[in-house]
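Please open the structure in your viewer and keep the sequence beside it, so that each selection can be followed in both.

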Amino acid sequence: ITSAVAFDILPLKLHPFSQSTPTGLDCVGWKRRISAPVITDGALDKTALPDDVGSEEDLYEEFRSAGHRYGHPGGGGEQLAINELISDGSVVYAEALWDHVTMDDQELGFKAGDVIEVMDATNKEWWWGRILDSEGWFPASFVRLRVNQDEPMEDYPLKVEGGKEDDSRRFGMGQTTKDQMRTNVINEIISTERDYIKHLKDICEGYIKQCRKRADMFTEEQLKIIFGNIEDIYRCQKKFVKALEKKFNKDHPHLSEVGSCFLEYQTEFQIYSEYCNNHPNACMELSRLTKVSKYVYFFEACRLLQKMIDISLDGFLLTPVQKICKYPLQLAELLKYTNPQHRDFKDVEAALNAMKNVARLINERKRRLENIDKIAQWQSSIEDWEGEDVLVRSSELIYSGELAKISHPQAKSQQRMFFLFDHQLVCCKKDLLRRDILYYKSRINMDDMEILDVEDGKDKDFNISVKNAFKLHCRDTEEVHLFCAKKPEQKQRWLKAFENERRQVQLDQETGFSITEVQKKQAMLNASKQHHAGKPKAVSRPYYEFLMRQKHPTLPSTLPQQQVFMLAEPKRKPSNFWQNISRLTPFRK
């Protein structure tokens, strides 16, 4: 995994309630689940939290004083299992998911794909490891335990002279090393899916069900914000697990053909897009509620009644985000140990590409939804706005810049600022004195337009000499708009931008991308509040501050530089569109 389209989700350390890193929730490699003992005396009814049992504080204290242990203080069995293996003398390897660049000589730097020997995993956040002769601390959330711990550092199968695979190393009844590796990966996929279903069930039955019984504490709108569409995800995943288990060969797991399952459900997995887009809102709402002690006690009581492991609600709610990002990693490893002659090879290969596309689509939709807030803020800064909001038809700024607009009948030239969105081109005029203030003038419906390249020289329609010009021609009304750029390269950028606009519109139609009316209204409402408050339109980051509050006091205090989930896709080139807008709009009044 190298450079990528990014999910803006940081490694999990959710102060003050989370006690786990992402790898503690849904990890690969060894997993030792410590199940909670059943209450045999004085047990409360698991199906409800009745009002007459006392306050949430009393209920919470009753559980704590009962002397029962639920889960364990480590926040998941993985960390305990790793340390036991290390203390027994076993060598534990982890594979880097992302680059870790550091200037601290006590930290261990590495690149994505590097194999690290884990020497100490006592701390939840930072592990001590070694690569060749270098040792140091590294963030636990940047690595995943290798599924095949017995795999040598070089890739299997071993090569012998002549370039043929050496199948002399075998496991069991004629099973090659590569088959055993594939068995490990298949078992890991099946086991993590079952664990994931357990997590989802616990959330739906342990939290949502109980919250709905407390109408005095939660509204349906609040529950929608906190839990998103996780119930839909639960229903989808139950069907997916059943499909996987039908394809699972219990006697010979390496012969299992699971690739087709991922292909079958690739469209349904797109429901994760809504969940991932809502997740920042869920974190902020939880952060707000948990400032009130009764909500802290209530959520903890829900966890204890459901006998869930010692991870707080915000930790459980991160698992769907992690899961959809993990499928490409699992399929890539499965493909690595699948022979080209295997009946599942083509399906696994196709499934890997399909799940990458699903993750890419989710990333793109997340980026687009973040953009609508910027568009709403931009519109609120434009003076004398007329007509419908930009968001009624558009959700993406494609390009912006200054052009000379030539109008009939006098062929008068006017310098204007133009903003090309999907479906429309908005025209604005700069203030004569305050050049950073823009006034709305007009807009053009791009769905009715065709773009015409105009050669330098005299234009027949307008009867004037033009340079670096192009036209927008309306197919229905035959109306023509003439534009001139200052330089040839600027003209080419505009022509390319118009192509990109049509391509974006077509892609949205194919993928079914749309923004709900609620999202549009909320974005405009937020922008209006900021505008009337007269505050600078600086971007607020409560979600990221919420995730970044706690750092380990005795270990490297700086957060890792890479703090996002990544997928193996090229990085998007940085755009200066919004920088241009910020120079042209009264953000610094």
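Between which two strands does the loop with Asn463 lie? Select Asn463 in this predicted model, and you will find it in the loop that joins strand E14 (457-459) and strand E15 (464-466). Asn463 has a phi near 60 degrees, which is a positive value in a residue other than glycine, and with 53% relative accessibility it counts as exposed.

Next, move to Lys307, which lies in the loop between H8 and H9. Here too phi is near 60 degrees, a positive value in a residue other than glycine, while the relative accessible area of 28% makes Lys307 partly exposed. For background, most residues other than glycine have a negative phi.

Now turn to the largest nonpolar core, which holds 63 residues, and select Phe227, Phe262, Phe269 and Ile324, the members that touch the most others. Among the helices that each supply at least two residues of this core are H4 (220-227), H6 (259-265) and H9 (313-336), whereas the largest share, 13 residues, comes from H3. Centre the view on Phe227 and, leaving aside residues up to four places away in sequence, you can look for its contacts with Ile203, Tyr207, Ile208, Cys211, Tyr275, Leu313 and Leu317. Apart from this core lies another, of 22 residues, including Leu369, Ile372, Leu438 and Tyr440.

Finally, select Cys211, which is buried at 1% relative accessibility. Its sulfur is 5.4 Å from the closest cysteine sulfur, that of Cys302, and therefore too far for a bond; a search of the whole structure finds zero disulfides. Cys204, at 9% relative accessibility, also counts as buried.

Definitions and conventions: Residues numbered from 1 in each chain as written. Predicted model: local features only at pLDDT ≥ 70, side-chain atom pairs only at ≥ 80, totals over all residues. Heavy atoms only, no water. Core = buried A, V, L, I, M, F, W, Y, C linked by side-chain atoms within 4.5 Å. Buried < 20%, exposed > 50% of the residue type's maximum accessible area, 1.4 Å probe, protein only. Helix = DSSP H or I, 4+ residues; strand = E, 2+ residues; numbered from the N terminus. Contact = heavy atoms within 4.5 Å. Disulfide = S-S within 2.5 Å.
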